[in-house]
Every structure is written in C-alpha cells, then in structure tokens.
Amino acid sequence: GLFLSVHYRRRDYVRARPNVVPDAREAAAQISVLLGELQLERVFLATDAQLSEKEHLASLVTNSSSRGANGSVGVVWYHPSPQDLLLYGEGGVAIIDQWVASHAAYFVGSKESTFSFRIRE
C-alpha cells in the first residue's frame, strides 16, 4: 500500500536496550524524514506501546512535503476490540499487525526482533 509501516517497539525492548531504542521525539524525526523521502503521507504503527505513547508519537510526526494542513500525517494503528482479543488472543492480534505492516510500501523494523524479521520475510 501507499503507506510507511513502523515497528515501534516499547516496553521490554526499551528496558533491555535503553541506549539503542529511540525515544518518541527521535523516532518521530526518523519517521518524518522517511515520509518526505518516500513521498508518503500515512504511517501504520505496529507496536506494543500504550495508547498515550502512540498518540504522543503521532502528534510529533510531520512531513514537510505532505499535502495535509501544516504538514499533518495520518498515523494509525490497529486497536483490537475486546471481542477481537477474545477471538484472536494477543498472538493473533500481533499477526494482524504483521499482516498490515507487510503490505506497506516501506517497512522500518526493530533490530533483533522476531516480529520485524517475519514482516521482512
């Protein structure tokens, strides 16, 4: 699809690799640069981040070449309903994230991540 997909890893990954994992501002800057280079306006986040972290990252992502107002960018993620969680479980929800991410025009993953590896396959 005509979107950028990003595996935005948080929680255990941040604690295990505090000097490697970018914070929200750094990640947003990297995403914003890629959007400009790739001439894309939409981002799909595959992430284990809390809703507040997703919203914070989304508020920081811009694209100076975007046709949206003030360089705004559409940043989205899959938010499973309680029924989806019961039906698919955490693992199934992760597979849905992977499936969407694998259909992006461009994917940015996390180093040493099996989740990212499966998307790149």
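Start by selecting A49, which is buried, with a relative accessible area of 6% (buried means under 20% relative accessible area, exposed over 50%, with a 1.4 Å probe and protein chains only). You're in a predicted model, where local features need pLDDT of at least 70, side-chain atom pairs count only at pLDDT 80 or more, and totals for chains, interfaces and linings use all residues. Residues are numbered from 1 along each chain as its sequence is written, and side-chain values use heavy atoms, leaving out hydrogens and water.

A49 sits in the loop between β2 and α3 (helices are DSSP runs of H or I, at least four residues, and strands are E runs of at least two, numbered from the N terminus).

Now hop over to Q39, in the loop between α2 (24-38) and β2. Buried or exposed? Q39 counts as exposed, at 68% relative accessibility. Check its backbone too: phi of Q39 is near 55 degrees, a positive value in a residue other than glycine. Most residues other than glycine have a negative phi.

Select T47, D48, E90, V93 and D97, which lie nearest its centre among 23 lining residues. Then colour α1 (11-16), β2 (42-47), α3 (51-60) and α4 (82-102), the elements giving two or more residues to that lining. α4 gives the most, with five residues.

Technical notes
1 Å grid on protein atoms, 1.4 Å probe; cavity = no way out; pocket = protein on both sides within 12 Å on 5 of 7 lines; lining within 4 Å.
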